[in-house]
Amino acid sequence: MKRTLQKTLIYMILTVGALFILVPFIWMISTSLKPSNEVLIMPPKFIPSKLMWENYKIALEAAPFKTYFKNSIIVTVSVTLGEIITTILAAFAFSRVNFKGRDIIFTILIATMMVPGEVLTIPNFVTLSKLGWIDTYKALIIPWCASIYSIYLLKQHFMSIPDELYNAAKIDGCSDFKFLWTIMVPLAKPTIVTLIILKVISSWNSFFWPLIVTNSKEMRTLPLALSAFTNEFGTDYNVLMAATNIIVLPVIIFYTILQKHIISGVSKAGIKG
């Protein structure tokens, strides 16, 4: 009886938590299909009196979505690929290669995680400006091709791989580079997939950095398209919500397909670390 009550209580808490997360998203979809006169009425209407699919057509015509989609795909793929390569190489170096000052360097890198990202915004912008990279793909991609958190997570997984495996490979004449890509990377696949998923989501949704390092519409990414629906006369909330749905749809599909890898990767890295 006591166990049944505990389960009931747990499911009630989980249900409330799920509703807390889902209701704003459902409201966003509902608002995207409302006529303009029903968006801000009181009391609020959850179900529109008429489904306005035209809002999606208006949203697509209000901004150069084709260009924004292309830029978002280029930036997301490049940043993810760059970070995964640097993460694998750095994690291997800090977990398997013995060199002087290795632990001190890694400790310093971990300490940099304590520095808020906002503090680095102005120095990074000034650096990129002096390099002449503002309003280019280089400014959108290169500063995000390395992550200390990702290195830390993958290093923990690499360290869980037995030393005997490494020693046996070395006896068989396997080089460090071959051992990394043929043995360690396949064994760390869940963690690497998790890092890829998290990086894709964060890059696709990034708003602040593309806003400050791009000046032209030709270089802007999808999240910046939302500004097209706000002007001095107000905000078209129904069209804005339609555009938001268009932008988040690829990420939702991507996450839904690969969500089990996130849980698997994070749990394995945490347990084995």
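Visitor: Why is Cys174 called buried?

Guide: Cys174 has a relative accessible area of 13%. Buried means under 20%, exposed means over 50%, and partly exposed is in between, with a 1.4 Å probe and protein chains only. So 13% puts Cys174 in the buried class. Before we go on: this is a predicted model, where local features need pLDDT of at least 70 and side-chain atom pairs count only at pLDDT 80 or more, while totals for chains, interfaces and linings use all residues. Residues are numbered from 1 along each chain as its sequence is written, and side-chain values use heavy atoms, with hydrogens and water left out.

Visitor: What makes Cys145 count as buried?

Guide: The relative accessibility of Cys145 is 17%, so Cys145 is buried too.

Visitor: How many disulfides does a search of the whole structure find?

Guide: The search finds 0. To count, a pair of cysteine sulfur atoms has to be within 2.5 Å.

Visitor: Why is Ala146 called exposed?

Guide: Ala146 has a relative accessible area of 53%, so it goes in the exposed class. Ala146 is in the loop between α6 (137–141) and α7. Leaving aside neighbours within four places in sequence, Ala146 is in contact (heavy atoms within 4.5 Å) with Glu83 and Thr86.

Visitor: What makes α3 oblique to α4?

Guide: α3 and α4 pack at about 135°, with their axes 9 Å apart. Axes are lines fitted to C-alpha atoms, for helices over the stretch in contact, and angles run from 0 to 180 degrees between N-to-C directions. Under 35 degrees is roughly parallel, over 145 roughly antiparallel, 65 to 115 roughly perpendicular, and the rest oblique. So α3 is oblique to α4. Ala93, Phe94, Ser95 and Arg96 in α3 meet Arg102, Ile105, Phe106 and Leu109 in α4.

Visitor: Why is α4 called oblique to α7?

Guide: Helix α4 (residues 102–111) and helix α7 (residues 148–159) pack at an angle of about 130°, with axes 9 Å apart. So α4 is oblique to α7. Phe106, Leu109 and Ile110 of α4 make the contact with Ile148, Ile151, Tyr152 and Lys155 of α7.

Visitor: How do the residues of that α4 and α7 contact divide?

Guide: They divide into 6 nonpolar, no polar and 1 charged. Ala, Val, Leu, Ile, Met, Phe, Trp, Tyr, Cys and Pro count as nonpolar, Asp, Glu, Lys and Arg as charged, and the others, Gly among them, as polar.

Technical notes
Helix = DSSP H or I, 4+ residues; strand = E, 2+ residues; numbered from the N terminus.
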